[in-house]
Each structure stands twice: as C-alpha cells, then as structure tokens.
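Open the model in your viewer and keep the selection tool ready.

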Amino acid sequence: MKLAMTLKFSPTSGVDMDLVREAERLGYDAVWSGEAYGTDAVTPVAWVLAQTEKIKAGTSIMQMPARTPTCAAMTAMTLQAMSGNRFLCGIGPSGPQVVEGWHGVPFGKPLLRTREYIAIIRRILERGAPLEFHGEHYQIAPAGLRTAGKVADGTLPIFMSPEKPQTIIAPILEGMAKAGGGKTLADFDLAPYVRISMGEDLAACRDAVRPHLALYIGGMGARSKNYYNDLIKRFGYEAAAGAIQDHFLAGRRKEAEAAVPDALIEEISLVGTRERIRDRLQAWKELAKDHRIGTLVLTGATSEALRVVAEAVM
C-alpha cells in the first residue's frame with residue numbers, strides 16, 4: 001500500500017514545503033491539492049513539483065466546469081514535461097453549489113461530462129490524430145464510482161470504511177465489468193482520503209475532525225442532493241446523517257458537529273495516540289493485500305503523524 005497526503009494551503013500561509021519535503025524523505029508517493037472555492041488546485045501542485053525531486057503531486061480535483069478538457073490536457077502535458085512525469089491529473093464534476101453558484105454554469109449531466117472529458121484528454125495525450133470529438137457536453141455516488149471504474153485509472157473517495165469496503169468497491173467493479181478488457185482493481189488506484197488527528201486526548205482528536213465531516217455530510221449539497229450524506233447513510237448511519245444535515249442547513253453548525261457519531265469518526269479516520277493509530281492501520285493494510293485499495297491519502301497530517309504512519313505501513 002502506497003501512502004500520500006493532502007496539501008495544507010491557504011492564500012495567507014501558502015504551502016508548508018517543510019511538511020512536503022518530510023513526506024518525500026519518508027517515501028510518500030504523492031501529495032494532492034484540492035479545489036473548491038477561491039484557490040485552484042493546479043498552482044500549488046506546480047509549486048510543489050518545482051521544489052521536489054521524487055514525490056508526485058496531483059489535483060483532487062480539477063473542476064471540469066472551470067476549464068475545458070483541452071485546457072486540462074495542456075496543463076497535464078506541461079506539468080508532466082516540467083516535472084519528469086510526476087504530475088497526477090485528477091478531474092471531477094464538483095457539485096451543483098460550486099458549479100452553478102461559483103462558476104455560474106449549469107450542472108448538467110456530470111457523469112456524461114466526466115466520460116466525455118476523460119475521452120478528450122486521452123485523445124490529446126495519445127497524439128494519434130487531429131482532435132475531433134462530438135458529444136453532448138463538450139459525485140460522489142455509486143454512479144460516479146461506476147464511471148471511475150469504467151473510464152479512469154483511479155479514484156479518490158472522500159470517505160471510506162475498511163469494515164464496509166464494498167460500499168465503495170462494488171460500484172467500481174460494476175464499471176470495470178461494463179468496460180470489459182479484463183480491467184481489475186490491480187490496474188486501478190483506489191486512494192481513499194483518511195483524516196488523521198494524533199494526540200493523547202482522544203476526545204480532542206475526534207473533535208478536530210468533526211467540523212470537516214459535518215460540513216460535507218450536512219452542507220455540501222441541497223437536502224435532496226448531497227452525495228456525501230447519501231454515502232454516510234450507506235455506511236449505516238442513516239439517523240445521524242439526517243440529524244447532521246438538519247442542523248447544518250438550519251445554521252446550527254456546532255450542533256451538526258456534535259451530531260457526528262464517535263463510531264463514524266473511528267471508522268473512517270485515524271484518531272488518538274500513536275499506538276491507537278498503528279493498530280487501526282492494520283485494517284487498511286488488510287485491504288491493500290488484495291488490491292482493494294492502492295494508496296492511503298492522509299489529510300490533516302503533521303510531520304509526526306507522517307512518520308508514525310510511514311513506520312507502520314512501509
């Protein structure tokens with residue numbers, strides 16, 4: 001199992017390159033830069049690639065409505081050439097709030113857009129012929145995972161439970177079966193995000209990840225269309241998912257955070273002491289033995305946490 005981490009970035013503090021260099025020294029495979037509102041994913045990736053030698057850097061995700069597929073392909077080719085093939089191109093549809101509220105374009109048909117977008121990028125990278133494409137368009141849901149399994153080389157689920165891996169894996173395998181050609185999980189990098197908060201105070205560690213979980217489960221989408229909320233329900237937390245959403249949409253953020261179950265935090269995150277985190281990593285390592293996951297992407301990691309996980313996994 002490979003290890004990766006998400007970048008800590010803000011317009012005021014920039015990228016913590018000391019942390020990135022420590023990850024590179026420890027043998028981490030990649031760092032990933034997110035994109036939502038305000039800051040893009042490509043610029044921090046370029047910054048990291050220019051100041052490192054071995055570690056890869058990827059976009060998670062470049063929002064498709066923000067750039068044409070030809071622009072994304074040019075970006076990928078440029079960063080690959082300048083970095084010695086260390087750029088990882090991650091794309092995705094984002095959600096209706098970002099697409100329509102921030103970019104000001106219709107959300108449309110995200111799965112169709114994803115298939116067409118990837119097809120265009122692949123044609124450009126193959127350089128087989130002058131580009132010509134005729135399509136209708138130029139979330140995190142079973143349909144999105146099926147599409148990833150069918151047309152992509154990997155996917156970055158924001159939530160995954162090692163006790164319930166089929167919730168994520170089954171739709172991916174369905175997509176692979178539709179694609180044909182004998183594609184398997186061994187050919188696919190399933191790279192779940194895993195929030196990590198290490199410390200002696202277990203309650204404080206859990207509390208450190210609650211705001212992020214409450215935001216996605218409760219606020220990233222409308223009541224009738226929140227892919228993250230649906231996913232948590234499929235993990236078996238139907239009542240909690242409903243309560244978190246009710247509180248968040250009513251403006252009660254603290255109550256939404258408090259409604260995130262400890263059991264859910266434990267299931268999809270790494271929290272607590274070094275020993276506790278090492279023990280919990282065994283469940284993730286089991287998934288890697290038969291290629292059910294390829295990379296563990298840590299988010300919120302300190303340099304100390306990077307070392308603890310590297311020692312336990314590599």
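**Stop one: the pocket**

Select α8 first: this helix gives the largest share of the lining of the second largest pocket, four residues. The model is predicted, so local features need pLDDT of at least 70 and side-chain atom pairs pLDDT 80 or more, while totals for chains, interfaces and linings use all residues. Numbering runs from 1 along each chain as its sequence is written, and side-chain values use heavy atoms, without hydrogens and water.

A pocket here is an open set of points on a 1 Å grid over the protein atoms alone, where a 1.4 Å probe fits, with protein on both sides within 12 Å along at least five of seven lines; lining residues have an atom within 4 Å of a point. Now show R195, I196, S197, A208, V209, P211, H212, T299 and G300, which line the second largest pocket. The pocket volume is about 170 Å³.

**Stop two: T299**

Select T299, in strand β13 (residues 295-299). Beyond neighbours within four places in sequence, T299 is in contact (heavy atoms within 4.5 Å) with T6, V194, R195 and I196.

**Stop three: L306**

Move to L306. Among residues outside four places in sequence, L306 is in contact with M5, L19, A23, L26, Y28, L298 and A301.

Note on methods: Helix = DSSP H or I, 4+ residues; strand = E, 2+ residues; numbered from the N terminus. Points joined across faces, edges and corners; volume = space filled by probe spheres on them.
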